[in-house]
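Colleague: I have a few things to ask about this one before I set anything up. Can you put it on the screen?

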Amino acid sequence: MNRVHIVAFNASDYGELIRAEFPELEVTVEDVTGKATASFADANVLIGFGPALTDELVAEATGLKWIQALGTGVDGFDDRVDVGKVILSSMRGIHGPQMAEMAFLMMLSFVRRLPFMLENQTRRRWQRFTAAKLEGKTAVIIGIGLIADALAARCRAFGLRVLGVSGTPREVANLDKVYARADMEAAVAEGDFVILLAPLTDESRSMINRPVFRAMKPSAYFINLARGGVVDEQDFVEAMRGGQIAGAALDVFVDEPLPETSPLWDLPNVIITPHMGGRTEGYVDQAMPIIRHNFRCYLDGAPENMKNRVTS
C-alpha cells in the first residue's frame, strides 16, 4: 500500500478529501504552523510545503517516490532530493488572484499611508493629509511567470506603468518593457514599487542585495512575496536603516517563523506579514484538481502526464 504523508497548516483538510477519493491509500497528516516534527520515514508520497520541513526529516524518508508541493515554489524539496529519482510537482498556476491582491494591499497601504491612518485612529487623532495615488506610478515586477501575468494585468487597470525583470527576457502582455536579470539595477531605478516574485534557486539566492537597493529611488517601496532567501536580509536592513528606500512590505523570510530577535521587526516603515500571500479561502479547492489529477497519473504508472512536474 502506498503511504501518503501531508504536512501543512491544514493538512487534515487535504487528508480527508484524499482518503475519500483514494481509499486504497494510507494517509497520515501533520497540521503545522512552524516546522514539522512528525517522521514520514516510510512514506512513498509527500504533500506539503518545503520550508516547513527539516533536512533530517527529508533525509530519513528514503522511500519517497513522489513529492507534491503545495506552493508554486519547490524550494525545500528540489535542493533536498534527487529530482531524477523522486517525482516532484508543484501548484504552479493557481496563485495569481490572491498574490496580485496581496501586492495591491501593500502598494495601496503605502500610497494612502494606511499604517499612519490606523495609528491616528488608535490615538483618536483627526489629522487630514494629502495622499499619493497609484495611477501614473511605475511597478517593477522581478520574476515573470503566471503570478506576474495576473499582477501586471491588474496594474494596468489601475493606470500603472509596468516593467518586468526576467532570466529569459521576452515580450509579455501588459508589460511595457522586460529587462534581463543582468540589467536589474537599471530596471529598479525606474520603479516606484519593486515587487519580488522570483522563485528561490541557486541563481536567485541573495540576488536582491546592496547594489539593487542602492539603485532604487529613495522614494521607492520594496515588496517581497517570493521567498526570503532571494533577498540578502542584512543588505536590506542596512538599506532601510540608511534611508536608501522609503519602505518595504515583507511576507516571506529566510527563517520562518520569523524569530522574535530578528532586526526586521523594528525597522521603520516596514510592513511584516506571516507568509500570507497565497493563503486565502478556497485554496484547498484550488489545489485539489491538480492533486487529484496527479494521483491518478501516479497510481496509473503514468507520471509523465502529471501537471506541473519539475524535471530539473
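Colleague: Is Cys 155 buried or exposed?

Modeller: Keep in mind that this is a predicted model. Cys 155 has a relative accessible area of 0%, so with the buried class set at under 20%, Cys 155 is buried.

Colleague: And Cys 297, buried or exposed?

Modeller: Cys 297 is buried too, because its relative accessible area is 7%.

Colleague: Where is Cys 297, and what does it touch?

Modeller: Cys 297 sits in helix α9. Leaving aside residues up to four places away in sequence, Cys 297 touches Ala 302, Pro 303, Asn 305 and Met 306.

Colleague: How far is Cys 297 from Ala 150?

Modeller: Their C-alpha atoms are 29 Å apart, and along the chain the two are separated by 147 residues.

Colleague: Stay with α9. Where is the kink in it?

Modeller: The kink is centred on Pro 289 and comes to about 25°.

Colleague: Which α9 residues are buried, and what covers them?

Modeller: The buried ones are Tyr 283, Val 284, Ala 287, Met 288, Ile 290, Ile 291, Asn 294, Phe 295, Cys 297 and Tyr 298. The cover includes β1, α1, β3, β4, β5 and α3. After the helix comes Gly 301, with a positive phi near 70°.

Colleague: Asn 294 is polar. Which side chain is its partner in a polar contact?

Modeller: Gln 68; the two side chains make a polar contact of 2.9 Å. Gln 68 belongs to strand β4, residues 66-69, and counts as buried because its relative accessibility is 0%.

Colleague: What else does Gln 68 touch?

Modeller: Not counting residues up to four places away in sequence, its contacts include Leu 46, Ile 47 and Gly 48, then Ser 89, Ser 90 and Met 91.

Colleague: Now α3. How much of it is buried?

Modeller: Twelve of the 16 residues of α3 are buried, so it is mostly covered. Among them are Gly 96, Gln 98, Met 99, Phe 104 and Phe 110. On length, α3 should span 22 Å and its end C-alpha atoms are 23 Å apart, which agrees.

Colleague: What about phi just after α3?

Modeller: Arg 113 has a positive phi of about 55° there, in a residue other than glycine. Arg 113 lies in the loop between α3 and α4 and is partly exposed, because its relative accessibility is 37%.

Colleague: Where else does a residue other than glycine have positive phi?

Modeller: One of them is His 275, with phi near 50°. His 275 is in the loop between β12 and α9, and at 30% relative accessibility it counts as partly exposed.

Colleague: Where is there a cis peptide bond?

Modeller: Between Glu 256 and Pro 257, with omega about -5°. Pro 257 is in the loop between β11 and β12.

Colleague: Different topic. Which residues touch the most other members in the largest nonpolar core?

Modeller: That core has 34 residues, and the ones touching the most other members are Ile 142, Leu 196, Ile 208, Phe 213, Phe 222 and Phe 236. Elements giving two or more residues to this core include β6, β7, α7 and β11. The largest share, four residues, comes from α8.

Colleague: Which residues of α8 are buried, and under what?

Modeller: Asp 235, Phe 236, Val 237, Ala 239 and Met 240 are buried. Their cover includes α7, β10, β11 and β12.

Colleague: What happens at the two ends of α8?

Modeller: At the start, a side-chain oxygen of Asp 232 comes within 3.2 Å of the backbone nitrogen of Gln 234. Just after the helix, Gly 243 has a positive phi of about 70°.

Technical notes:
Residues numbered from 1 in each chain as written. Predicted model: local features only at pLDDT ≥ 70, side-chain atom pairs only at ≥ 80, totals over all residues. Heavy atoms only, no water. Buried < 20%, exposed > 50% of the residue type's maximum accessible area, 1.4 Å probe, protein only. Polar contact = N/O pair within 3.5 Å; in protein donor to acceptor, adjacent residues only side chain to side chain. Contact = heavy atoms within 4.5 Å. Expected span 1.5 Å × (residues − 1). Bend = angle between axes of the 7 residues up to and from the residue. Core = buried A, V, L, I, M, F, W, Y, C linked by side-chain atoms within 4.5 Å.
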